[in-house]
Amino acid sequence: MKIKTKKNASVTKLAKKLLAIDDQLTGCMHCGLCQAVCPVYGVTLKETDVSRGKIVLLENLAYEILKDIDGLSERLDRCLLCGSCQTNCPSGVNTIEIFLHARRLITEYKGLNRIKKIVFRFILPHPKLMSFFVAVSGQVQRIFRRKANENMGTFEFPILRPFVGKRHFQPLETKSFSAKYGKINTSTGKSGIKVAFFPGCVPDKLFVRVSQAAMKIFDKHGVGVFMPDNLVCCGIPNLVSGDYVSFKRLVKKNLDLFKETEFDYLVSPCATCVSSIKENWFRFKNDFTADEQMLIEKIHYRIMDITEFLVDVLNVDFKVSESKINMRRVTYHDSCHLKKTLGVFTQPRKILKNLSGLEFAEMPEADRCCGSGGSFTLTQHKLANKIGQRKRNNIVSVNPDIVATACPACMLQLMDMLSQNGDNVEVKHVVELYAENMAD
Amino acid sequence: MNLNLIKEFIAIVGKELVFVSEADRQAYSYDAAVLTPQIPALVVMPENQEQLGKTVRLAYENGLPITVRGAGSNLSGAVIPSSADSVVILTNRLNRIIEINKEDLYAVVEPGVVTSVFAETVSSHGLFYPPDPGSQTVSTLGGNVALNAGGLRGLKYGVTKDYLMGMEFFDCNGELVKTGSHTVKCVTGYNLGGMMLGSEGTLGIFSQLILKLVPPPKASKAMMAVYDDIAKASETVAAIIAAHIIPCTLEILDKKCIKYVEIHTKAGLPVEAAAILLIEVDGSHVQAVEEDANEVMTLCTKCGATDIRPAKDADEKNKLWEARRNALPALARARPTTVLEDATVPRSKVPNMVAEINRIALKHNLEIGTFGHAGDGNLHPTILCDRRNKEEFRRVEDAIDEIFDAALNLKGTLSGEHGIGIAKAKWMEKETNRATINFSKKLRLALDPKYLFNAGKKIL
């Protein structure tokens, strides 16, 4: 009985904390228009899966009408934080901010699960350890992997099933990008521009070719590059799991590495990292020291997605295509973070439409979420697959040779979905295609 | 709820589609109306018509109040459960378009099909389904029929009732009733479809609808006319109709609404204006549409428009409509709570009604922006407030009552397209009379003797 009272008291405390964002919750007029764009609702048609339902449940908790915190937490986790609802919301409700806040409060209340705790607090802050995992798994993969889709050259890793399910991957890298290159500090060339490069975990460890393409482009255009040693994760997995403590630790580690060198822009091939650094670091800047705040602000205004950098800053020229023979058909998938959070969607298309040797075809629902959502795909694998299937169907409907996107997390999901369906479509980052077809 | 009964529902639709947990049930306690929520006892999501029929029968046999729900986007509380022992039946998975017939111009659909998904599918077959309620991207066709939904195209193309050719529905015993047909003409039996239209879930539960399709217009032309006096805008509307031109859309934004849209979009709207009209004419012949548009512009000038901005191309037309599309978003962002009404008056009374609304706003010290369908007199006075402020919300409720009074005094109606639901049920007798209410009650009791179908809505 005593325990129950104690629990009730802490629920009341949690409810009080939620009341702090009551203004934002009340802003939802319950019109339900989020149903039209929510990828999760699109699959399940359940009200608890759409933002209106989640916001009402949060309101109910704030006013202690709802008592089942576990039930609420389970439902809050069924969200990709893709921002589609926020973009479409007539009342301009900031759903991402609401859900990040709620997840943080609930994680503080319930505590973090053990696996996440290990990953967020002990693995993510140690890049050398992660590179070591890459090297080891890259070496021994031949023993464990199984061919999945011959055309696409993908593999399945039965030994990893408890963690990643039956996902299909490209062969694992034997050396991470950062292990290969170490600290980078090249001087500024003809462009007169110096960038700080933030590859992001996936282009550093799984799609090293994307980071290498970026380096090739910087070199070609005379852009000086600074990449510190020991960069850590941008913190988005921690934040979406509500683990604010470890998020803050990662941000501080990264800030420490960027304070030493001047740069004109901070560039990344990962849309998720860009949106996280630009928006989430900035959102919580008041929790940092004065010096750190200044750096967060500077980065907020200077960080840029790499396709945006190529088109809007470098203003790159394109090789004129001589022949229409052997054109490869390419379609483009809008990453949610890139289009909905950062508003970048014309730039990657401009690149793809102008590159020689490529024929561009717009797919239906190009900006509908692919279902990846970073860690969502691990914790909500079945849902992610169902959402991904719609994306896959849209991709193959335009019969492309290549599907391009500008987000490595989306690349993983697209590759898996296409491979699982036995398709033969190459998955590439826009900068890879640009690097292959740059004008002389 | 009794565990054995829950098991019986599970036996019909499966475990995954019966929602009993606190969180799931709470997510079906509200709709888009600003009203007190009611958490139901159980939520069931049938996947096919057989399951739907069995669910209805089981609930009815056991005396459970039944509320059928689609998107839950209505503005009258029509799908807020009646009581704590209610079962909510969801139509969302009954979302198949069964047939689109291009020769005979009809479609057969299940009630959970989303309106705009249907309209787009019809359009991809080269045909047109005109009803376009504001919530069309999420609203379901079943919901549209149950509330006789309207939209921007009402003036020329009519509303949902003009497109319902027939239907199948379950009665309270879970028996399937059929009415109407796939033909233009049909006089077989009572016009039960007409009775079910706008019945708000009080008479039976739809399982299939037959909807009329029409050929799409081939040309259209849009313009904006600016007025320094709202009466002149209204005269223009009357003049256009008197000239026998029926625009496909004829929308009005009042001064406050223009102000909020401009703050929100910075699109360069004339903020000093008293009202703007947005007019679009369409038809099958480019030349004829062009002539109609020219005549409309002449009439606008004649009636005293201070500025007329025709859209030269599709891009400009899109920008023009941007102002109307942004009316609700702009108003909704101004304050936490947005109460959207739809009192409707004969179109000649639009200036009187707007004057009344502004008087009521002043009296109760409230911000009310008005936009709406000037062509059919269907206005949307939108009250900006904060429902957490009890004192202010009491003033809002008083203002709503007075708005209804004003509409009825002008020979108007309580609701043009949002429905009666819970919100306006107590006003029904005032618009009609005691005999009408008694007749409706008798009808209702004959079809629903236990009074379980959406109790507390529509007719009290």
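**Domains, chains and core**

Mentor: In chain A, the C-alpha centres of domain 1 and domain 2 lie 29 Å apart. The domain bounds come from an automatic or database domain assignment. This is a predicted model, in which local features need pLDDT of at least 70 and side-chain atom pairs count only at pLDDT 80 or more, while totals for chains, interfaces and linings use all residues. Residues are numbered from 1 along each chain as its sequence is written, and chains are lettered from A and ligands numbered from 1 in the order in which they are written.

Trainee: Which residues does the domain assignment of chain A give to domain 1 and domain 2?
Mentor: Domain 1 of chain A is 2-110 and domain 2 of chain A is 328-436. Their contact takes 11 residues from domain 1 of chain A and 13 residues from domain 2 of chain A. Two residues are in contact if their C-beta atoms, placed from the backbone, lie within 7 Å.

Trainee: Which elements give two or more residues to the domain 1 side?
Mentor: Those are α3 (39-44) and α6 (84-88) of chain A. The largest share is from α3(A), with three residues. Helices (H or I, at least four residues) and strands (E, at least two) are DSSP runs, numbered from the N terminus. By class, that side of domain 1 of chain A has six nonpolar, three polar and two charged residues. Ala, Val, Leu, Ile, Met, Phe, Trp, Tyr, Cys and Pro count as nonpolar, Asp, Glu, Lys and Arg as charged, and the others, Gly among them, as polar.

Trainee: New topic. How many residues of chain A are in contact with chain B?
Mentor: 26 residues of chain A are in contact with 25 residues of chain B. On the chain A side, α2 (22-26), α4 (51-62) and α5 (69-77) each supply at least two residues. The most come from α4(A), which gives four residues. By class, the chain A side has 10 nonpolar, 11 polar and five charged residues.

Trainee: And chain B, how is that divided?
Mentor: Into domain 1 (3-90), domain 2 (97-212), domain 3 (219-326) and domain 4 (329-409). The C-alpha centres of domain 2 of chain B and domain 4 of chain B are 30 Å apart. Four residues of domain 2 of chain B are in contact with four residues of domain 4 of chain B.

Trainee: How many helices and strands are in chain B?
Mentor: Chain B has 16 helices and 16 strands. 53% of its 460 residues count as buried. A residue is buried if 20 or more other C-beta atoms lie within 10 Å of its own, exposed if 12 or fewer, and partly exposed in between, with C-beta atoms placed from the backbone.

Trainee: How much of helix α12 (residues 327-334) of chain B is buried?
Mentor: Six of the eight residues are, so α12 of chain B is largely enclosed by the rest of the structure. The buried ones are B:A327, B:L328, B:A330, B:L331, B:A332 and B:R333. What covers them includes β11 (249-254), α9 (255-265) and α11 (314-325) of chain B.

Trainee: Last one. Which residues of the largest nonpolar core touch the most other members?
Mentor: B:V44, B:I66, B:L211, B:A225, B:L253, B:I276 and B:L277, out of 253 residues. A nonpolar core is a set of buried Ala, Val, Leu, Ile, Met, Phe, Trp, Tyr and Cys residues joined through C-beta atoms within 7 Å. Helix α23 (residues 408-420) of chain A gives the most to this core, with eight residues.
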